Amino acid sequence: MMLTRSFNLLAIIVFSAVCPQAEADPPEDESIADKQSCVLLLHGLARSARSMKKLAKHLESEGYQAINLDYPSRAETIQELARKTISNGLTQCTDGYTVNFVTHSLGGILVRQYLSKQQIPSLGRVVMLGPPNKGSQVVDRLKDVSGFGFVNGLAGGQLGTGEDSIPNQLGAANFEVGIIAGTRTINPILSLMLPNPDDGKVSVANTKLEGMSDHLTLPVSHPFLMKNKHAIRQVTYFLDHGRFDRDEEKKNK
């Protein structure tokens, strides 16, 4: 019993652990021609806008208006986070610009939640990195363990795989969305709770979403998807073309 309790506590800590990638920020690049297009970036659970900084800089260098949103991911429910964060983000996009989203993990569920209630007339494309679109078995296993709510907040507890979980109540995508899933893990404890392949937080199968436009896997772990150079290139390619670059994918297999 004591061993099981210790394992669960360690798993909870690992689930929300922030694992910063040891790399310098990319050099500043001059922006190319303005695309008349805004990208709202949404980080994942227990992370901050800093985790999306490299991706935001790249998008700016490609001519997008990048709005890197910060939000208190553990402070409120998914419903409240989506309403407040995305409403705030939309006010920062230049009037008349197409509105796109690039998200990591929980951020993708916020977009789905918002779009299930509100329309964005100027909506363009969405790219999700490691989204728990069908929930995560890790949450199923740990949500009732003492300390999970304190570490992961209200939103974290809503990410299970049951029919009552928020991701599974939102239905199919009725917008253009490309999804990138990771297939490597640095969290062997959590991977024991997940069907393979997985990225240490979410299984590849559970990133998929009915109605999605395209789906891609990369040999990257969940905490590093938004900083991986191949993932970043694919994000831009999907925003530009509505599909992922399969030639680029073959180079990285």
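Visitor: How many disulfides does this model have, by the distance rule?

Guide: A disulfide is a pair of cysteine sulfur atoms within 2.5 Å. By this rule the count is 1 disulfide. The model is predicted: local features need pLDDT of at least 70, side-chain atom pairs count only at pLDDT 80 or more, and totals for chains, interfaces and linings use all residues. Residues are numbered from 1 along each chain as its sequence is written, and side-chain values use heavy atoms, leaving out hydrogens and water.

Visitor: Which cysteines does the disulfide join?

Guide: Cys38 and Cys93, with 2.0 Å from S to S. The link is left-handed, with -65° about the S-S bond. The pair ties distant parts of the chain, 55 residues apart. Cys38 sits in strand E1 (residues 37-42). Cys93 sits in the loop between helix H3 (78-92) and strand E3 (98-104).

Visitor: Are Cys38 and Cys93 buried or exposed?

Guide: Buried means under 20% relative accessible area, exposed over 50%, and partly exposed in between, with a 1.4 Å probe and protein chains only. Cys38 and Cys93 are both buried. Across the chain of 253 residues, 54% count as buried.

Visitor: How many helices and strands are there?

Guide: Both are DSSP runs, numbered from the N terminus: helices are H or I with at least four residues, strands are E with at least two. This chain has 10 helices and 6 strands.

Visitor: Which way do strands E5 and E6 run, parallel or antiparallel?

Guide: Two strands pair if DSSP finds at least two bridges between them. Here 5 bridges join E5 (residues 176-182) to E6, and the two run parallel. Strand E6 (residues 214-218) is mostly covered, with 4 of its 5 residues buried.

Visitor: What span does helix H9 reach?

Guide: The expected span is 1.5 Å times one less than the number of residues. H9 (residues 229-241) has 13 residues and reaches 18 Å from first C-alpha to last, close to the 18 Å expected.

Visitor: Which residues of H9 are buried?

Guide: An α-helix has 3.6 residues a turn, so residues three or four places apart point the same way. In H9 the buried residues are Ala231, Ile232, Gln234, Val235, Thr236, Phe238 and Leu239.

Visitor: What lies at the ends of H9?

Guide: Asn228 caps the N-terminal end. A side-chain oxygen of Asn228 lies 3.0 Å from the backbone nitrogen of His230. After H9 comes Gly242, with a positive phi near 75°.

Conventions. A polar contact is a pair of N or O atoms within 3.5 Å; within protein, one must be able to donate a hydrogen and the other to accept it, and residues adjacent in sequence count only if both atoms are side-chain atoms.
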